[in-house]
Structure formats: C-alpha cells, structure tokens
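Reader: Before I set anything up, I would like to go through this protein with you, one question at a time. Could you show me the sequence and the structure to begin with?

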Amino acid sequence: MLRKCRYKIFFTAVIWALLNLSGCSDNQYIEKHAFISWQDNYSRLNNLTFFKNSGRLGIFTQGRRDGAAYDFEGLSGGYLLVIKSPLGNALASATVTENTLALNIGDKSYRDDYAALMFEQAFGFAIPVDKLKPILLGIPQGKRVFDHEGRIIKAQWDDYSISYSGMIQTDGLRIPKAVTVNHGDYTIKTSVSSFVLKGNAHENQ
C-alpha cells in the first residue's frame with residue numbers, strides 16, 4: 001500500500017513537472033512572438049524572408065476598374081506575385097530575385113528587361129519591383145507619417161502616395177490589412193485576407 005502511494009506521488013510529481021515545463025515553453029514562445037512595439041515590428045519585417053500574403057487587388061484608372069485575387073510570397077532573395085482568376089487559376093505571375101525578373105502570362109514567359117516592360121501590361125500598375133514588397137508589408141521608404149503609437153499610416157515615396165489602414169497579425173508580427181497606392185492617374189488597393197510565416201521565417205527575424 002505504501003509502495004502504491006509512493007508511485008502515485010511520484011507520477012503526480014512527474015506530470016506536474018511536465019505540465020509546468022510545457023507551460024514555460026508556451027510562455028516563452030508567446031513572449032518571443034508577442035507584439036512589442038511598432039519599431040520592433042518594422043525591424044522584424046525588414047528581416048523577414050519567408051511568408052505568404054493573400055488577398056484582393058483592385059486597380060482603378062480613368063474609365064477602368066479591374067480586380068483579382070493575389071498571392072504574394074516571400075522567397076530567398078525576392079518574391080513571387082501571382083494574380084488569380086475567381087476560380088483560383090493563375091492568370092499571371094512574376095518571380096523577382098536580386099538578379100532576375102521572370103514573368104509568366106498564360107503559356108508565355110518573359111525574362112530580364114523585357115519582362116520589366118511587360119510587368120505593367122500584365123498587372124496593370126507600374127510599381128517598381130524593388131518597391132512592391134516593402135509597400136505591401138507596410139515598410140515603405142521616403143517621407144513617412146506616423147500615428148501616436150509609431151505606426152506608419154502614410155508615406156510619400158518618390159511619385160507614389162501610400163496610405164495604410166487596418167491590421168492583420170501573425171505570431172506577433174503585424175502588417176496593414178488595407179493598402180492604397182496612388183501614382184499618376186491610377187490607384188491600387190489591396191485587402192489582405194491571410195498572412196502566414198513559412199519555412200524558417202522565425203529564424204530570419
């Protein structure tokens with residue numbers, strides 16, 4: 001009887017220890033990936049490589065209004081932008097890295113300088129490929145306007161007027177839910193439906 005009681009006490013102690021260790025681990029994870037400040041958030045976004053941002057894209061010009069679903073995925077050294085039909089089929093895609101730009105429209109493929117010229121025709125806007133990622137993640141350069149919490153709400157980056165609203169969060173990392181870009185006679189609006197970190201994204205933050 002005494003032996004059974006000792007076993008019971010032993011196993012109770014083991015279970016209690018495991019539960020506490022598990023709790024500690026969860027708390028450390030939550031603490032590590034909790035939102036701290038907008039300054040910390042922007043630092044993490046600047047170092048972010050692997051992620052996927054999906055939503056809706058609208059392009060408005062004089063006498064024209066187009067909309068489509070999109071996937072925007074971070075890659076090593078660049079990103080992949082895919083424009084999709086309402087059924088989810090890829091209509092056009094651009095793979096951008098530090099050295100190349102590959103554009104696919106239907107069954108046709110273009111690369112390098114010609115692809116850069118085709119980019120606007122395929123997607124309907126002429127945001128330079130090096131500006132697209134920081135604009136969509138909410139970390140533009142140029143003249144920026146911050147709110148009282150240190151969040152970027154507007155930016156004037158070269159000839160692009162950018163504004164942000166809403167927020168979507170993953171593992172304590174926040175990006176704008178809605179982005180509006182005005183340039184010349186056209187306006188681009190995006191609305192994010194999902195934002196996930198992929199692969200070894202945590203190690204790159």
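Author: What follows is a set of questions and answers on the sheet, a helix, a residue and a pocket of this predicted model.

Reader: In the open sheet of eleven strands, which strands stand at the edges?

Author: The strands follow the order β6-β5-β4-β3-β2-β1-β13-β12-β9-β8-β7, and their pairing is antiparallel. A strand at an edge has a single partner, so one side of it is left without a neighbour in the sheet. The strands in that position are β6 (108-111) and β7 (143-146).

Reader: Over how many bridges do β2 and β3 pair, and which residue of β3 stands opposite Ala-69?

Author: Strand β3 covers residues 78-84, and its pairing with β2 is antiparallel, running over seven bridges. Within β3, the residue opposite Ala-69 is Lys-84.

Reader: What angle does the direction of α3 make with that of β5?

Author: Helix α3 packs on the sheet, where it touches β1, β3, β4 (90-96), β5 (101-105) and β6. Taking the direction of the helix against that of β5, the angle is about 45°.

Reader: Which elements give two or more residues to the lining of the largest pocket, and which of them gives the largest share?

Author: The largest pocket has a volume of about 160 Å³, and its lining includes Leu-57, Asp-66, Ile-83 and Phe-123. Two or more lining residues come from each of β1 (51-61), β2 (64-75) and α3 (112-123). By class, the lining holds seven nonpolar, three polar and two charged residues. The largest share, four residues, is that of β2.

Reader: Is Thr-190 buried or exposed, and what is its relative accessible area?

Author: Thr-190 lies in strand β13, which spans residues 186-197. Leaving aside neighbours within four places in sequence, its contacts are Arg-56, Leu-57, Tyr-70, Leu-136, Lys-177, Ala-178 and Val-179. A residue counts as buried when its relative accessible area is under 20%. Thr-190 is therefore buried, with a value of 8%.

Reader: How many of the nine residues of helix α4 are buried, and which residue follows the helix?

Author: Helix α4 takes in residues 129-137 and is mostly covered, with seven of its nine residues buried. Among these buried residues are Lys-131 and Lys-133, together with Pro-134 and Leu-136, and Leu-136 is also one of the contacts of Thr-190. After the helix comes a residue whose phi is positive, near 85°, namely Gly-138.

Terms used. Residues are numbered from 1 along each chain as its sequence is written. This is a predicted model: local features need pLDDT of at least 70, side-chain atom pairs count only at pLDDT 80 or more; totals for chains, interfaces and linings use all residues. Side-chain values use heavy atoms; hydrogens and water are left out. Buried means under 20% relative accessible area, exposed over 50%, partly exposed in between (1.4 Å probe, protein chains only). Contact means heavy atoms within 4.5 Å. On a 1 Å grid over the protein atoms alone, a cavity is a set of points where a 1.4 Å probe fits but cannot get out, and a pocket is an open set with protein on both sides within 12 Å along at least five of seven lines; lining residues have an atom within 4 Å of a point. Grid points are joined across faces, edges and corners, and a volume is the space filled by probe spheres set on the points. Ala, Val, Leu, Ile, Met, Phe, Trp, Tyr, Cys and Pro count as nonpolar, Asp, Glu, Lys and Arg as charged, and the others, Gly among them, as polar. Two strands pair if DSSP finds at least two bridges between them. Axes are lines fitted to C-alpha atoms, for helices over the stretch in contact, and angles run from 0 to 180 degrees between N-to-C directions.
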